[in-house]
Amino acid sequence: MSMPEPHLYLSTGPHIRRGRTTADIMWLVNLSLAPALLWAVLVFGWPVLGITLSAIAGCALAEHLACKVRGTDSTVYDGSVVCTGLLLAYTLPPGIPLWMPFVGGALGVFFAKTVFGGLGYNIFNVALVGRAIMMATFPVEMTTTWLTPGFGQIGGVDALSGATPLVSLTGGPEAVEAAIVGLPEGMSEGLAFLLGLRPGSVGEVSVLMIVAGAGFLLWQKIIKLTIPLSVLGGALLMSPWSPDPVLYMLSGGLWLGAFFMATDYVTSPSTLKGQIVFGVGIGLLTGMIRNWGGYPEGICYAILLMNTMTPALEEWFRPPRTAPKGTPS
Amino acid sequence: MLRLFASHHGEPTFARGGIHPDEHKELSADHAIEPFVPRSVTVPVSQSLGAPSVPVVKKGDRVVRGQLIASDEAGGVPVHAPVSGIVKSVDRGIHPVLVLDMAITIEAREQEDEPTFQEQPGWETLPREELLERIRVAGVVGLGGATFPTYRKLMLPDDAEVDTLIINGSECEPYLTCDYRLMLEQAEAVVLGAWLIAKIIGVPRCLIGIEDNKADAGAAMTAAIERLALDRSDHPVAMEVVVTQTKYPQGSEKQLIQALTGRLVPQRGLPMQVGIVVQNVATAFACLEAVRNRKPVIERVVTVSGRGIHEPKNLRVPVGTMIQPIIEACGGFDDEVVKVLAGGPMMGRALADLNAPVTKGTSGLLFLTRAETNLDRYQPCIGCGECLDVCPLGLEPNKVSQYVEVGRALETEEFGPLECFECGCCSYSCPSNRPLVQFMQVAKAAYRHEAAKQRTHA
């Protein structure tokens, strides 16, 4: 009986794998960010789509060129760089000139990711480094190009003169009142913020849409609640010092940061206790920056600061062994 | 973390980690055990963990089935002729685990004076020493795959306080169904073998752990326990089948002990330290045959499976049967096959050459196609922490891999490579497909090398 001569591969076990790849995970994360984008288009109009595509294009170009220079296969399709572009766009004001996100994305990926060696080796959250670079490069556009939300008036929203509610938090109750524009008549402030009918950055205005996406990631077991709850808990601890605690908890990028940025695998600790300390640290720092810093938004820098702690936190907080130590025999 | 859904159906399992790989057991589960007799066998002299045995036959010798062909005088276990015939060679050959090993090739020829291994009357009442001796001379080893000499595992030190025997019917590796078939078809013999072991180690309790994907095997074993009523024998043993959740690696000794008794074997410790001895179902069966029939371990059940083999089967083959004739007996395999494994897909060995024999430790021969195995390249660690979640021991494969990658293997001890038993849950789950088990092995080897260096300098 003739037998086929197979080409046999050798390796140590296991010889099977679960099948969910890094790319699968990144594309699922991107999918989970879709509700927030959809919502942004509905309340701020088509330009936000342009902002998002511009940021993704900048990130992808930097990644692609880095791979070319390094002489490796392009990693653009692994979804990670698209995720970075999405998250960067979500932190930008919806009226920002369309070319700026491209620049921010490209610089962010270059300085925070490729110079460290690409996926898996970066220390800082790439999207947030992009945002930080943009804050330094385009300070005026990053803080004044807000739009008045208008549900369903795609393309017909107005530029907002003045500060966002979060910016005005430090100015006292009247300033907050003045900043809350575009709310549907008779709707309470808390509900409007929960739904996302308020001025703010592209992808972070609707707590509901962010939580919906996060729910998908939780269901898919891509993220756990440990870090997000720790971030929100840490922020809550700082809420008594805020002029408007409800608005403080529901505004800005707190929820987007807690569920989608603080949970970034590479830049957060992977042990349970490490994650709790990391998350609470982010929440506390966010509150400190918002309440006493000279800066309305705190989550971006809070995450970047805690990113620096990640290697130490993993070193200090180790997973417990299942079995007790053995007695020397 | 808070576990909201800690157990389903209230069935026990080990507390931490583990995975649920696709089972693929349906390929061979319904195929009853068939005997297969090859025209010749090549029996490696290393049939157990530890030293090889020493051949006591030479080329041209006539041997009968069950005759001693390699002795344990220099370590190892006694090895017996699996078939009657003529010794063709005593030479180096391929070993599925050790790569190369001394092996005895016998050309099968029926002999008139072949032993029939009839039941020996009075075996139940033999003294403990005689029972142990029969198990030793029969060359019984752990047939789950570990191949540790069974008599040594049963010869407990005087100060050991053991109260429970666990019989391992978990068979948690995907594809494998040899233990499942044995429990279905030989339930009484397995239960009797378990009772025998309980008698040898002097314990009044025996728990038989079976995963809930083999509920019918559990029922067959429970029925056998009731029929045999060994709790009323001269050495009464309370025997009980415990159906556990189906979760890999439930069949690992320490995990099974935790699932069935809640006891935790200390790091790098032995089950004995928490009062337990664990034996696999096939080993229990072999112990019974060794004592009752004075039949040495000369054959075993092998699951031949995988999407690449045309007729998956559970074959009872003589030890030393070459893989090629087994493939022919199973209808051949298709050219999609990219990996051939001895053992299961989690911990089995990939074979480089099909010119290799079945040993006492070969529980399965798997012919895996490209679609069902993993040949993907690996990527950097993205820090997802999945390996930390699935490790049943609470080790840190991610850290070991990162240290080993940059040449710092000797700084990894705190992350646990020396405790790792290579179940493979980490590699299986890694989204970046990192060969974490292999990194663990590299770290272990570095420490072994370092220890050897220390000894030579001392």
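Colleague: What makes Glu314(A) and Lys399(B) a salt bridge?

Modeller: The closest N and O atoms of Glu314(A) and Lys399(B) are 2.4 Å apart, and a salt bridge is a side-chain nitrogen of Lys or Arg within 4 Å of a carboxyl oxygen of Asp or Glu, so the pair qualifies. The rule finds seven salt bridges across the interface of chain A and chain B. Bear in mind that this is a predicted model, where local features need pLDDT of at least 70, side-chain atom pairs count only at pLDDT 80 or more, and totals for chains, interfaces and linings use all residues. Side-chain values use heavy atoms, without hydrogens and water, residues are numbered from 1 along each chain as its sequence is written, and chains are lettered from A and ligands numbered from 1 in the order in which they are written.

Colleague: How do you know which residues take part in the contact between chain A and chain B?

Modeller: Contact means heavy atoms within 4.5 Å, and on that basis 43 residues come from chain A and 73 residues from chain B.

Colleague: And what area is buried between chain A and chain B?

Modeller: About 4,800 Å², with carbon and sulfur atoms giving 54%; that's the accessible area (1.4 Å probe) that two parts lose on being put together, summed over both. In chain A, His15(A), Arg17(A) and Arg321(A) lose the most area to chain B, together 16% of what that side buries.

Colleague: Which residues does Leu33(A) touch, neighbours within four places in sequence aside?

Modeller: Cys83(A), Leu86(A), Leu87(A), Tyr90(A), Leu256(A) and Phe260(A).
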